[in-house]
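Thanks for coming, everyone. Please have a look before I start.

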Amino acid sequence: MRKIIRKPARYISLLTLALSSSIVHASPWETKTSPSAHDPKAIGGYANGCLAGAASLPLQGKGYQVLRSDRLRYYGHPQTVSFIQRLSDLASDNLDTTLLIGDMSLPQGGRFSKGHKSHQTGLDIDIWLRLADKRLSAHQLLHPKPLSVVNIKQYKLLKKNWDLRHFELIKLAATDNDVARIFVHPVIKNKLCITESAGDREWLRKVRPWWGHHSHMHVRLKCPAGSEGCIEQAPPPEGDGCGAELQSWEPKPVTQVATKKSENKPVKTVKKKIIMPELCQQLINQS
Ligand SMILES: [Zn+2]
């Protein structure tokens, strides 16, 4: 006789909660399949905004290919599209490679259901650190395999996957005038700090350490002219960011972490309600 297994009530309520929370967080911006018919404008902040009059990056071009185009995340401010084409052109001529372009923004920007917090105003781009020396096939572009350059557990560079061209590529991007910041894993930032000579370190200021970002770099552009509602981030701290700040990212020995935690009193966090910029509310309500 088959045994009837009853699932505990707690299990069922957890399941319901998980399902309902995924419904609550579904983003209406993902239902927009084309850009709005406006002049181009990045509106709001990188992590709370939207994009009017987006441009689409052609799926193939000199020095680059677009990954997972079925997700419709190859839209950006026209300035973003120009930046990618400019950088790819240099990568092709100087580094003899093809860049793999990951997520940019949705056709009208805005929030994603999951994954990115930023990428909302058409000014953020993920560029993979896997350098495609041979162009990828249509199937490979839809199902790409990332290449990490960091051994996360050991907090070390994966030397077999690191190429001097990674250094050159990140430097090319950071020295572009339109770029505000580039996020890479702290281990990568450390490698850049070691590799650069004493004389030319200004660009390192723009390269910011952040978790994740070990198989792609995240490039963030400045607010373009004509985007009055666009909110800039404060400039990065002075200096190349290679000293104490970078060291503060290094994992601490377990005992130290445990003592630190017990010393800290629990802090009450109040969740702030995020209000979408009014222009974005208008945009999302248009069909
Ligand atoms: Zn990103």
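Asp 124 sits in strand β8. Keep in mind that this is a predicted model. Is Asp 124 buried or exposed? Asp 124 has a relative accessible area of 0%. The cut-off for buried is under 20%, so Asp 124 counts as buried.

What does the side chain of Asp 124 make polar contacts with? One partner is the side chain of His 218, at 2.7 Å. Another is the side chain of Arg 220, and that polar contact is also 2.7 Å. Now the wider surroundings. Setting aside residues up to four places away in sequence, Asp 124 touches Tyr 46, Asp 103, Met 104, Ser 118, His 119, His 218, Val 219 and Arg 220.

Pick out Ser 118 from that list. Ser 118 lies in a loop, the one that runs between β7, residues 99-101, and β8, residues 124-128. Its relative accessible area is 11%. That is under the 20% cut-off, so Ser 118 is buried too. The side chain of Ser 118 makes a polar contact with the side chain of Arg 220, at 3.2 Å. So far, then, Arg 220 has come up with Asp 124 and with Ser 118. Again leaving out residues up to four places away, Ser 118 touches Tyr 46, Ala 47, Phe 112, Asp 124, His 218 and Arg 220.

Which strands supply at least two lining residues each? They are β11 (179-184), β12 (207-209) and β13 (216-221). β13 gives the most, with three residues. By type, the lining has four nonpolar residues, eight polar and six charged.

Now the nonpolar side of things. The largest nonpolar core has 52 residues, and Ile 170 and Met 217 have the most contacts inside it. Several elements give two or more residues to this core: β5 (64-66), α2 (78-95), β7, β8, α4 (164-174), β11, α5 (186-195) and β13. Which one gives the most? That is α2, with six residues.

Look at Met 217 up close. Leaving aside neighbours within four places in sequence, Met 217 is in contact with Ile 125, Asp 126, Ile 127, Leu 129, Leu 169, Ile 170, Ala 173, Ile 182, Phe 183 and Val 184. A separate core lies apart from the largest one, with nine residues, including Trp 29, Cys 50, Phe 112 and Cys 280.

How many of its eleven residues are buried? Eight are, and α4 is mostly covered. Among those buried residues are Phe 167, Leu 169, Ile 170 and Ala 173, along with Arg 165 and Lys 171. The buried residues of α4 pack against α2, β7, β11, α5, β12 and β13.

Last, the whole chain. It has eight helices and 13 strands. Of its 287 residues, 44% count as buried. For contacts with a separation of 6 or more, 77% are between residues 24 or more positions apart. That's it from me. Over to you.

Conventions. Residues are numbered from 1 along each chain as its sequence is written. This is a predicted model: local features need pLDDT of at least 70, side-chain atom pairs count only at pLDDT 80 or more; totals for chains, interfaces and linings use all residues. Side-chain values use heavy atoms; hydrogens and water are left out. Helices (H or I, at least four residues) and strands (E, at least two) are DSSP runs, numbered from the N terminus. Ala, Val, Leu, Ile, Met, Phe, Trp, Tyr, Cys and Pro count as nonpolar, Asp, Glu, Lys and Arg as charged, and the others, Gly among them, as polar. Buried means under 20% relative accessible area, exposed over 50%, partly exposed in between (1.4 Å probe, protein chains only). A polar contact is a pair of N or O atoms within 3.5 Å; within protein, one must be able to donate a hydrogen and the other to accept it, and residues adjacent in sequence count only if both atoms are side-chain atoms. Contact means heavy atoms within 4.5 Å. A nonpolar core is a set of buried Ala, Val, Leu, Ile, Met, Phe, Trp, Tyr and Cys residues joined through side-chain atoms within 4.5 Å.
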